[in-house]
Amino acid sequence: GLYAEALPFFEQEVGTQRRIFGSEHRETLRSINDLAATYLYLSRHAEALGLQEQVLKDSRRILGSEHPDTLRSMRNLAVIYSKLSRHVDALELNEQVLKDSRRILGSEHPDTLQSMLMLATTYSELSRHADALVLEEQVMKDSRRILGSEHSETLRSMRNLAATYYNHRGTEPRELKKIPPEGICQDFAESSSTYIGGMSTLANTYSDLDFHSEAQTLEEEVEGLRQRILGLEHPDTLASMSNLASTYTDPAR
């Protein structure tokens, strides 16, 4: 694949930069980061781990613990730890990265939102599903406000949240009275190429889980958007009106 084809170029780039700039130059460290990521994509985990641990050590010493490149190295190493099922090590790094990102970059920086998603993933891997949900709900809310409704990261956060509700429905802190239909996550992934479709499917997920207040909020937004963009007589608008009416009249609410 593309990563296998790119690997010799990354390896050559690292060698060239070490020779010209030295092993401690910022650009050399960035190239080593990229090479480690390529090893990871190619499932050469031992080589990725060795490089990433070394580049993190060097970045902390040369650039400082608060440099954005150092935070990036920490995130990359956490991903490798997760791939190796070293989830406790990944947790320690991801919690530190999120703490530092909020303090250094601010809570609304895209890298901070990414760090929240990574920590949520680690929580899920450790069966801390309630903690994962808290983060994923916050990421979706912040992404919509900061990045925009149709941004790829906003849609990604919606997919992650729907998947967490579905995959871990038996361990949620809220009492679940229904189980959503099989395959809802796949439907969500396929339909979320647009913001409206993604929000509509997430609303369905909330409804299937008896989270009626959340479902109503999303369905009202979807209905308003479809009326404005598609018109009152469009089939999708009529379907949204029907869904919203069902939510209003559901006796379980």
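Which residues have the most contacts inside the largest nonpolar core? They are L35, Y39, L51, M74, L77, Y81 and L93, in a core of 23 residues.

## Basis of the model

This is a predicted model, in which local features need pLDDT of at least 70 and side-chain atom pairs count only at pLDDT 80 or more, while totals for chains, interfaces and linings use all residues. Residues are numbered from 1 along each chain as its sequence is written, and side-chain values use heavy atoms, with hydrogens and water left out.

## Nonpolar cores

A nonpolar core is a set of buried Ala, Val, Leu, Ile, Met, Phe, Trp, Tyr and Cys residues joined through side-chain atoms within 4.5 Å. Buried means under 20% relative accessible area, exposed over 50%, and partly exposed in between, with a 1.4 Å probe and protein chains only. Helices are DSSP runs of H or I with at least four residues, numbered from the N terminus.

The largest core holds 23 residues. Helices α1 (2-20), α2, α3, α4 and α5 each supply at least two residues of this core. A second, separate core has eleven residues, including L91, L98, L117 and L119. In soluble globular proteins, nonpolar side chains tend to be buried together.

Contact means heavy atoms within 4.5 Å. Apart from residues up to four places away in sequence, Y39 touches L7, E11, R44, E47, A48 and L51.

The expected span of a helix is 1.5 Å times one less than its number of residues. S43, which follows α2, has a positive phi near 65 degrees.

The axes of α2 and α3 come within 8 Å and cross at roughly 155 degrees; axes are lines fitted to C-alpha atoms, for helices over the stretch in contact, and angles run from 0 to 180 degrees between N-to-C directions. The two helices are therefore roughly antiparallel, a term for angles over 145 degrees. Among the residues making the contact are L29, I32 and Y39 of α2 and A48, L51 and V55 of α3.

## Helix α4

Helix α4 (residues 68-83) has 16 residues and reaches 23 Å from its first C-alpha to its last, close to the expected 22 Å. Its buried residues include L71, M74, L77, I80 and Y81. What covers the buried residues of α4 includes α2 (26-41), α3 (45-62), α5 (87-104) and α6 (110-125). S85 follows α4 and has a positive phi near 65 degrees.

## Helices α5 and α6

The axes of α5 and α6 come within 9 Å and cross at roughly 155 degrees, so α5 and α6 are roughly antiparallel to each other. The contact involves residues including A90, L91, N94 and L98 of α5 and M116, L119 and T122 of α6.

T122 lies in helix α6 and is buried, with a relative accessible area of 1%. Not counting residues up to four places away in sequence, T122 touches S82, H87, A90, L91 and N94.

A120 is also found in helix α6 and counts as buried at 0% relative accessibility. Leaving aside neighbours within four places in sequence, A120 is in contact with A132, L135 and E136. The C-alpha atoms of A120 and D131, eleven residues apart along the chain, are separated by 7.1 Å.

Terms used: Angles under 35 degrees count as roughly parallel, over 145 as roughly antiparallel, 65 to 115 as roughly perpendicular and the rest as oblique.
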